[in-house]
Amino acid sequence: MLNKDTSQNLFSDDVVMQAWVMSSGRCERCGNKLTFENRDHESRGKWVAHSRTRRYLDSISDCMILCWECHKATY
C-alpha cells in the first residue's frame, strides 16, 4: 500500500511542472497562491502534487496541485 503522503513523489518533474503551470501556481481546491520552492517542505505554504484518481498515473490528467491543508482534507 502506498503511503498517503508520498503521492507527490510519484509524478515526474515534467508532469509536476506542467500541472504547476496549468494551476497558475494556485491550489486547485481553495485557490491559495503557492510558492514553487515550498513543494514538499515542512513549512508554511507547503504544497504537493496530488493524484486526482488515486491510481497515481504519471500524467498531467492525474496530477493536481494542492496546498497541504487541502491535500490532508482528501484523506
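This is a predicted model: local features need pLDDT of at least 70, side-chain atom pairs count only at pLDDT 80 or more; totals for chains, interfaces and linings use all residues.
Starting with the overall layout, the protein chain carries 2 helices and 2 strands. Followed along the sequence, these elements come in the order α-β-β-α. The protein chain has 75 residues, and 40% of them are buried. As for how the chain folds back on itself, take the contacts between residues at least 6 apart in sequence: 52% of these link residues at least 24 apart.

The cysteines come next. How many disulfides does the model contain? The count is 0. Cys-27 has its closest cysteine sulfur in Cys-70, at 3.7 Å. A disulfide calls for sulfur atoms within 2.5 Å, so the Cys-27 sulfur is too far away for a bond. Cys-67 is likewise in no disulfide, and for this residue the nearest cysteine sulfur, 3.6 Å away, is that of Cys-70. Cys-70 therefore turns up as the nearest partner for Cys-27 and for Cys-67. As for solvent, Cys-27 is buried, with a relative accessibility of 4%. Cys-67 comes out at 7% relative accessibility, and because the cut-off for buried is under 20%, Cys-67 counts as buried too.

Towards the end of the chain sits Thr-74, in the segment after helix 2, which spans 68-73. Is Thr-74 buried or exposed? Its relative accessible area is 15%, so Thr-74 is buried. The side chain of Thr-74 reaches back to the backbone oxygen of His-71, at 2.6 Å. What does Thr-74 touch beyond its neighbours within four places in sequence? The contacts there are with Arg-29, His-50, Arg-54 and Leu-66.

Asp-13 gives a contrasting case. This residue is found in helix 1, which covers residues 13-23. With a relative accessible area of 63%, Asp-13 is exposed, whereas Thr-74 is buried at 15%. The cut-off for exposed is over 50%, which is why Asp-13 is placed in that class. Along the chain, Asp-13 and Asp-58 are 45 residues apart, and their C-alpha atoms are separated by 9.8 Å in the model.

Note on methods: Residues are numbered from 1 along each chain as its sequence is written. Side-chain values use heavy atoms; hydrogens and water are left out. Helices (H or I, at least four residues) and strands (E, at least two) are DSSP runs, numbered from the N terminus. Buried means under 20% relative accessible area, exposed over 50%, partly exposed in between (1.4 Å probe, protein chains only). A polar contact is a pair of N or O atoms within 3.5 Å; within protein, one must be able to donate a hydrogen and the other to accept it, and residues adjacent in sequence count only if both atoms are side-chain atoms. Contact means heavy atoms within 4.5 Å.
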